Amino acid sequence: MSRGPRRLLGLCLLLLLLLLLPGAPGHQGGARPGERAAEPGAVWPSFQGMKERLKAAGAVSRRYWALFRCQVWPKDCEDNEAAAWEPLGWKLPLLGQQYLDILTMWYCSFQDCCDSGDCRISNNFTGLESDLSVRLHGQHLAQELVMRAVRGYIETPLPDKALALSFHGWSGTGKNFVARMLAENLYRDGLRSDCVKVFITMFHFPHPKYVDLYKERLASQIRETQQRCHQTLFIFDEAEKLHPELLEALGPHLERGAPTAGTLRTIFLFLSNLGGNIINEAVLNLLKAGQSREEITMEHLEPLLQAEIMASTESGFGHSRLVKENLIDFFIPFLPLEYRHVRLCARDAFLSQELLYTEEALEEIAKMMVYVPKEEQLFSSQGCKSISQRINYFLP
Ligand SMILES: *[C@@H]1O[C@H](CO)[C@@H](O)[C@H](O)[C@H]1NC(C)=O
């Protein structure tokens, strides 16, 4: 809805509210005391009363409207506008203020009315930075790259392309975790936001024989989400299992100058375990060569990762035009997690449930994971997966 009709609707609602509420100021304060007494035998007393109430409500609702507007669109609300009605000596009664708050809350629950222009979109970079550095463990590359890529994209005034990030690594290394952090910090309602859509391949597109149906469904869901929001986020979990035709269908959305259905920014996240083995191998070799984990850079990993993705035969992802035509902006490696990281995940799991923990419990939990390869026993084969279930064994 454009702003004009929306305001009209708001005004009508306010009028209705004021007319219906017996305690509303328009009812009591509007009519002067002598007026009604002057027409004792009027034929239409109730009609006359109604007319007065309407007149009063009209005047009051204009002020309500001004206040409501200030609450909803603070930027529209000039100081002089506020001053315009103040000299009338009219004070908003407590009851009126409550109605105003309720109405504002209700209105804002489905309409855009924040400083950013749309309160469904929060773009909290402070929160994102803090989550990535405090809650994510052992992923210095993902931490830095995700922050830089997403922030850079969202701060570009008029991007001509969607942002596409591809997360790679073993399960439990934090790919889903980071996707959720992005949703939670960029959108007020996180993954449940109507600007965010999550597709899990084996859940949403399980049967290859229905691929035509899936293609249609995917296209319409992308279009509808983009029509609803000017900044959208699409997450594809298990991207390595996406049908080649679905990957193909995604191509046009990732191209420069793609049809956007009115949306300004679109972010695509692809989560897969593709290249996980090569990342682990490279990290293991670097560690064995005496490099510290935090010194590992993208230059060490990116060429290997890209080559591995393009060479992989068991998945269509590397052969899709998303990869071949460079439609993915960043390939982000998630490193295998070590004992100390699993320990930190266990600590977080206790803290998030507000439970007390002992150092021994953390160690016990970290020891419950399987570590590979056989000789070095360096990396948790499941990363930090299902740590939160394991803490149950150590509750008093
Ligand atoms: C951003 O996130 C931080 C940390 O989660 C939080 O303290 C802060 O209130 C958030 N800011 C906004 C504007 O929501």
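User: Where does Ser-386 sit?
Analyst: Ser-386 is in the loop that runs between S7 and helix H18 (387-390). Keep in mind that this is a predicted model.

User: Is Ser-386 buried or exposed?
Analyst: Exposed: Ser-386 has 12 other C-beta atoms within 10 Å, and a residue with 12 or fewer counts as exposed.

User: What about the phi of Ser-386?
Analyst: Phi is near 50° there, which is a positive value in a residue other than glycine.

User: Which other residue has a positive phi without being glycine?
Analyst: Glu-238 is one, with phi near 60°. Glu-238 belongs to the loop between strand S3 (231-237) and H12.

User: And how exposed is Glu-238?
Analyst: Glu-238 counts as partly exposed, because it has 17 C-beta neighbours inside 10 Å.

User: OK, since H12 came up, how do H11 and H12 pack?
Analyst: Helix H11 (residues 211-228) and helix H12 (residues 244-254) have axes 9 Å apart, at an angle of about 25°. The two helices are therefore roughly parallel to each other, as angles under 35 degrees are classed that way.

User: Which hand does the crossing of H11 and H12 have?
Analyst: The crossing of H11 and H12 is right-handed.

User: Which residues of H11 and H12 meet?
Analyst: From H11 you have Val-211, Tyr-214, Lys-215, Leu-218, Ala-219 and Ile-222, and they meet Glu-245, Leu-246, Ala-249 and His-253 of H12. By class, this contact has seven nonpolar residues, one polar and two charged.

User: Now H16 and H17. At what angle do they cross?
Analyst: Helix H16 (residues 339-352) and helix H17 (residues 359-368) cross at roughly 125°, and their axes come within 8 Å. That angle makes H16 oblique to H17. H16 passes H17 in a right-handed crossing.

User: What makes the contact there?
Analyst: On the H16 side, Tyr-339, Val-342, Arg-343, Ala-346 and Arg-347; on the H17 side, Leu-362, Glu-363, Ile-365 and Ala-366. The contact of H16 with H17 splits into six nonpolar, no polar and three charged residues.

User: Switching to the ligand, what surrounds it?
Analyst: Ser-122, Asn-124, Thr-126, Gly-127 and Ser-130 surround the ligand. That shell has five polar residues, with no nonpolar and no charged ones.

User: Where is Thr-156?
Analyst: Thr-156 is in the loop between helix H8 (140-154) and strand S1 (163-168). Thr-156 is partly exposed, with 13 other C-beta atoms within 10 Å.

User: How far is Thr-156 from Arg-265?
Analyst: Their C-alpha atoms are separated by 9.4 Å, while along the chain Thr-156 and Arg-265 are 109 residues apart.

User: What about contacts across the protein, how many join residues at least 24 apart?
Analyst: Taking contacts between residues at least 6 apart in sequence, 78% join residues at least 24 apart.

User: Which peptide bond is cis?
Analyst: The one from Val-372 to Pro-373 is cis, with omega near -10°. Pro-373 lies in the loop between strand S6 (371-372) and strand S7 (379-380).

User: Last bit, the overall picture. How many helices and strands are there?
Analyst: The protein has 18 helices and seven strands. It has 396 residues, and 33% of them count as buried.

Technical notes. Residues are numbered from 1 along each chain as its sequence is written. This is a predicted model: local features need pLDDT of at least 70, side-chain atom pairs count only at pLDDT 80 or more; totals for chains, interfaces and linings use all residues. Axes are lines fitted to C-alpha atoms, for helices over the stretch in contact, and angles run from 0 to 180 degrees between N-to-C directions. Helices (H or I, at least four residues) and strands (E, at least two) are DSSP runs, numbered from the N terminus. Angles under 35 degrees count as roughly parallel, over 145 as roughly antiparallel, 65 to 115 as roughly perpendicular and the rest as oblique. A crossing is left-handed if the near helix is turned anticlockwise from the far one by less than a right angle, and right-handed if clockwise. Two residues are in contact if their C-beta atoms, placed from the backbone, lie within 7 Å. Ala, Val, Leu, Ile, Met, Phe, Trp, Tyr, Cys and Pro count as nonpolar, Asp, Glu, Lys and Arg as charged, and the others, Gly among them, as polar. A residue is near a molecule or strand if its C-beta atom, placed from the backbone, lies within 6 Å of it. A residue is buried if 20 or more other C-beta atoms lie within 10 Å of its own, exposed if 12 or fewer, and partly exposed in between; C-beta atoms are placed from the backbone.
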